[in-house]
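These are my notebook entries on a structure that is new to me. I set down what I looked up, topic by topic.

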Amino acid sequence: MTDSTTLQRVVNRRLPGLRWPGTRDHPNPMSKHNFFREHITSRIAKVSDLPAEQAARVLEIPPDPKLGEYAFPCFLLARQRKSPPPKVASWLASQLLCDDVVEAVTAQGPYVNFRLTASSLASRVLPEIATTQAGYGRSDLAATIVIDFSSPNIAKPLSIGHLRSTVLGNALGRVFRHLGAKVVGINHLGDWGTQFGYLVTGWRRWGSEEELTRDPIRHLFEIYVLANASEDPAIKEEARATFKAMEEGDQPSLALWQRFRSLSLQVFGRFYEDLGVTFESQDGEAFFNDKMEPALALLAEKGLTTVSDGALVYPMGPEKKPALLKKSDGSTLYLTRDLAAALYRLKTYAPDKVLYVVGMPQKEHFRELFTMLAALDPANKDRFVHVDFGQYRFAEGKMSTRSGNVIFLEEVVARGVEMAKVKIEEKNPDLEDRETTARLVALGAIVFGDLVNDRVKDIVFEWEKVLDFEGDTAPYVMFAHVRARGILRKLAEEGVEPDLARLQPGLLGHEHERRLMVALGQFPETLDTVARTLKPHTLATFLLELARTYHRFCHDCPVLKAEPGLKESRLILTHAVATVLSLGLQLLGIRAPDRM
RNA sequence: GCCCUCGUAGCUCAGUCGGAUAGAGCAACGGACUUCUAAUCCGUGGGUCGCAGGUUCGAUUCCUGUCGAGGGCGCCA
């Protein structure tokens, strides 16, 4: 019942700005329903005969908030009227009178700037947040979205490289769920292949129950490395034979494999729990073992495959560049498994979109896969998206598992937690449950430090940066949240709770207060941008900006000691900020502590 | 050789649809805690947006070329 055009319809109605990679249209993200925007553009339309829709398309946010909340560039209008833009701007400004929404209309060069009244800002934004709470910014995107993410290899330790796919997929899933989509998270585990022949062979020679209990992944990895590095042809031969036997259902070997798999899942599970990562399915490559032949048959039926040098290939594009589906010895490949998996997912979940959160190096692989899927069914054309991302590297060069210069996730977390404990000792030694808070802070810093970067870029790994808790970091955002919670707590002790009935919107006219409200009002649009671009870093930078403004507010605008009326109003504002900071972090997979 | 991505302050990065004097953080220097947590705030210095063309009233943004970095290119995943 759902196909990509249905989604596009749904998306266009609900989120006009939502554009999926690979599509041609560039609808204006800012045209999303927004009271202030509509108010301003409808008034411009009334006096200038420029359609409101067109005015909305160019209405922008001024570079300096001092200029106002919105700005209308007059270049288009100027051309229509054959008159210089600054002249048109001052004419337009003179035609637009202030009202209870717009406090000042000023022409500045070719722009007309609009400054909103504090009372309209406050009465539009604050009640909405107060009533919707953690549901603020929710939408009803009626779509099913499958997200393939994290997908580590079993029996190997997680490295910092696994972090990207995991946190990106998690954040995207959370945002889409918030926007109303049904999200199917899939951990497509690397749990099959010749490597497991080596692992089982190695285990039979060097395996130790004791070591396996103590640190399963480390032990299995040692064995794997040992077996792989071995020059002994007998080991190589045994490994090959073992895997072949596994494929044919050899019970003793499969039992071992099953055990290693579940031990790995247990270890990964602790990390996923920390990050609030959940999956609807953890079916890995092995699961698709028996689903490849039918998939290949489907392709063959349509005459899409050919045989070349004894191998089964799919010829790509006009140059017929072959994508290899079956080796000349008859064994299958990564692409074959992904094809089977994709078809299975289509059948099982009937998704509108399937996102693969996988690194940039596999771009070509997905291009091949998506081309084949589109050839099978034209409806698949825009359904599949490779959410690609850059790699972690050192300033000196690349990380490489083989040469051993990798950073393991476990170590990053451990050092982060230690660092956070030192910081707590120094800043807030009376804090209860320091272990938990230190963990939240460290994990937040690591996750945020990743997500704050545009995913297409490589990330230079530096310990000092990962362990930094000041400046543009998760702890900075968390601390703003902690300050807000502190104020709420103090006032609660006085018996004062945030109460919309006591909001006096006209009093929140301080520059910091205005900026806070503007930012809070932009939260829903920010979520749409994340969904549209599949780039959570927009939300991360939004949160930094909101936190920064709130820290300034804390510095200059006392709540407890404010006059009656202003005090209650600032309390409501503080509550709204706390709500959005905590919600925003949560959508990134980060839990915000109440104290730190 | 062909294809993909990136290049913005000393360093790490933002910059929305092409729009106003290109913004943060770190590092450096100078200020602000008897006050709701100073993991904070304020100030100073720091830029040929890799380079050259093109499109445009207007380009960090779009196009072409070029240089630099990284990645990919039939029997790995």
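**Entry 1: a hairpin**

I began with Val 313, whose bridge partner in S8 is Leu 324. I then traced the two strands: strand S7 (residues 311-316) runs antiparallel to strand S8 (residues 321-326), and five bridges join them. I note that helices (H or I, at least four residues) and strands (E, at least two) are DSSP runs numbered from the N terminus, and that two strands pair if DSSP finds at least two bridges between them. S7 and S8 form a hairpin with four residues between them, and in the turn Gly 317 has a positive phi of about 60°.

**Entry 2: the model and its confidence**

I recorded that this is a predicted model, in which local features need pLDDT of at least 70 and side-chain atom pairs count only at pLDDT 80 or more, while totals for chains, interfaces and linings use all residues. Residues are numbered from 1 along each chain as its sequence is written, chains are lettered from A and ligands numbered from 1 in the order in which they are written, and side-chain values use heavy atoms, with hydrogens and water left out.

The pLDDT, the predictor's confidence in each residue from 0 to 100, averages 90 for chain A, and 94% of the residues score at least 70. I also noted an ipTM of 0.96 and a pTM of 0.93 for the model. Over residues 1-32 the pLDDT stays under 50, and the model has 68 contacts (heavy atoms within 4.5 Å) beyond four places in sequence for them. Where pLDDT is low, the predicted coordinates should not be read in detail.

**Entry 3**

I looked up an open sheet of three strands, which has the order S1-S3-S2 and antiparallel pairing. Strand S1 (70-73) and strand S2 (102-108) are its edge strands, each pairing on one side only. From one strand to the next the twist averages 20°. S1 is joined by four bridges to strand S3 (residues 111-116), where Asn 113 stands opposite Ala 71.

I found another open sheet of three strands in the order S12-S11-S13, with mixed pairing. Strand S12 (397-398) and strand S13 (459-460) stand at the edges with a single partner strand each, so one side of each is left without a neighbour in the sheet. Strand S11 (residues 392-394) runs antiparallel to S12, with two bridges between them; Phe 394 has Gly 397 in S12 as its bridge partner.

**Entry 4: two helix pairs**

Which angle do helix H20 and helix H22 make where they pack? I read about 30° for H20 (residues 511-533) and H22 (residues 566-587), with their axes 11 Å apart. Axes are lines fitted to C-alpha atoms, for helices over the stretch in contact, and angles run from 0 to 180 degrees between N-to-C directions. H20 is therefore roughly parallel to H22, as angles under 35 degrees count as such. Residues in contact include Leu 516 and Phe 523 of H20 and Leu 573 and Val 580 of H22.

I then turned to helix H8 (residues 194-206) and helix H11 (residues 233-247), whose axes come within 7 Å and cross at roughly 115°. Among the residues making this contact are Phe 196 and Trp 206 of H8 and Ile 235 and Phe 243 of H11.

Key:
Angles under 35 degrees count as roughly parallel, over 145 as roughly antiparallel, 65 to 115 as roughly perpendicular and the rest as oblique.
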